[in-house]
Amino acid sequence: MIDSRSEFLTVRGLRHHVRQWGTPGAPKLFALHGWMDVSASFQFVAQTLAQRWHVLAPDWRGFGLTDWPVAEGRAGSYWFPDYLADLDALLDVYAEPGEAVNLIGHSMGGNVACLYAGVRPARVRRLVNLEGFGLPPSAPTAAIRQLSRWLDDVQTMPTLRPYASLDDVAARLCKTNPRLTPERAAWLSQRWARQAPDGMWHLLADAAHKIANPYPYRLDEAMAVWGNVSAPVLNVEATDSDVLRHFAGTQGREAFRERFEAFPNLTEAFVEDAGHMLHHDQPEAVARLIEDFCRA
């Protein structure tokens with residue numbers, strides 16, 4: 001495999017890790033990973049794209065090899081606008097002044113990319129959204145339950161389960177995604193976890209990400225931002241996405257997907273024989289969709 005190169009830089013007071021594939025000077029693709037994931041997740045797509053593109057994938061704050069914003073004596077806090085601000089600052093470093101960039105986002109990273117493209121429309125040339133569709137709409141009364149849950153969560157330090165071996169980490173990855181091949185799971189496990197002095201393997205993620213957001217998801221606000229996106233958008237969906245099926249719930253997938261009509265310039269594509277982690281399940285097909293769309 002064509003492995004990535006690592007670079008570390010301080011952005012907004014945190015030491016950030018950015019993986020890179022391909023040749024600097026080639027057209028850029030910025031790849032944004034999802035929740036409880038790491039930038040190495042794009043390896044199988046990036047190794048194909050690296051022949052023509054310079055792929056840059058940061059670890060979000062609190063994930064991978066990027067620092068955690070830990071407050072003294074308590075868990076750090078993760079606010080969604082901070083992801084947008086981190087991306088804004090990273091683009092200041094890696095993009096030329098006035099350069100509009102190609103953004104690829106998976107899941108949470110897709111949500112960040114979609115919001116960013118609406119808030120900073122001039123900075124985005126093309127947007128590829130891999131299964132980043134937001135959450136179901138919330139009634140105003142949901143704020144009561146959401147704030148109550150948040151108050152409960154911040155009273156105790158959350159934890160993540162450690163694993164006895166890398167094989168156990170790989171098995172956990174395969175449990176989440178049954179389509180993941182053993183070879184890819186073994187490769188990912190080495191970049192998804194790190195061995196501690198106690199001999200156990202700990203996920204490269206801050207457990208504070210498990211703390212509930214104090215605010216309900218506001219779909220109308222998200223769609224208003226999406227409506228301000230000027231870049232062409234490619235929305236890529238897996239035909240067997242358990243996450244989409246879960247979020248769509250009783251309203252059904254087609255009704256749930258109507259939210260994407262908010263994007264002024266939308267193209268849709270579907271990847272067969274793939275679940276939510278479609279960039280692991282069908283990386284060649286996903287890479288081909290990205291290349292064809294961003295090369296246009």
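Axes here are lines fitted to C-alpha atoms, for helices over the stretch in contact, and angles run from 0 to 180 degrees between N-to-C directions. The exercises below concern a predicted model.

**Exercise 1. Two helices**

Task: State how helix α3 and helix α7 are oriented to each other, and which residues meet.

Solution: 
1. Helix α3 covers residues 108-119 and helix α7 covers residues 219-226.
2. Their axes come within 7 Å and cross at roughly 55 degrees.
3. Angles under 35 degrees count as roughly parallel, and 65 to 115 as roughly perpendicular.
4. On the α3 side, the residues in contact are Cys114, Leu115, Gly118 and Val119; on the α7 side they are Ala222, Val225 and Trp226.
5. Sorted by class, this contact has six nonpolar residues, one polar residue and no charged residues.

**Exercise 2. The surroundings of Gln146**

Task: Find where Gln146 sits, whether Gln146 is buried or exposed, and what its side chain meets.

Solution: 
1. Gln146 belongs to helix α4, which spans residues 142-153.
2. The relative accessibility of Gln146 is 13%. Buried means under 20%, so Gln146 counts as buried.
3. Leaving aside residues up to four places away in sequence, Gln146 touches Asn213, Pro214, Tyr215 and Pro216.
4. For Asn213 there is also a polar contact to describe: its backbone oxygen is 2.9 Å from a polar atom of the Gln146 side chain.

**Exercise 3. Cysteines**

Solution: 
1. Cys294 is buried, at 2% relative accessibility, whereas Cys174 is partly exposed, at 25%.

**Exercise 4. Positive phi**

Task: For Met36 and Ser107, give the phi value, the place in the chain and the burial.

Solution: 
1. Most residues other than glycine have a negative phi.
2. Met36 is not glycine, yet its phi is positive, near 55 degrees. Met36 lies in the loop between β3 (28-32) and α1 (43-49).
3. Ser107 is also a residue other than glycine with a positive phi, near 55 degrees. Ser107 lies in the loop between β5 (101-106) and α3.
4. Met36 is buried, with a relative accessible area of 16%, and Ser107 counts as buried at 17%.

Note on methods
Residues numbered from 1 in each chain as written. Predicted model: local features only at pLDDT ≥ 70, side-chain atom pairs only at ≥ 80, totals over all residues. Heavy atoms only, no water. Helix = DSSP H or I, 4+ residues; strand = E, 2+ residues; numbered from the N terminus. Buried < 20%, exposed > 50% of the residue type's maximum accessible area, 1.4 Å probe, protein only. Polar contact = N/O pair within 3.5 Å; in protein donor to acceptor, adjacent residues only side chain to side chain. Contact = heavy atoms within 4.5 Å. Parallel < 35°, antiparallel > 145°, perpendicular 65-115°, else oblique. Nonpolar A, V, L, I, M, F, W, Y, C, P; charged D, E, K, R; others polar.
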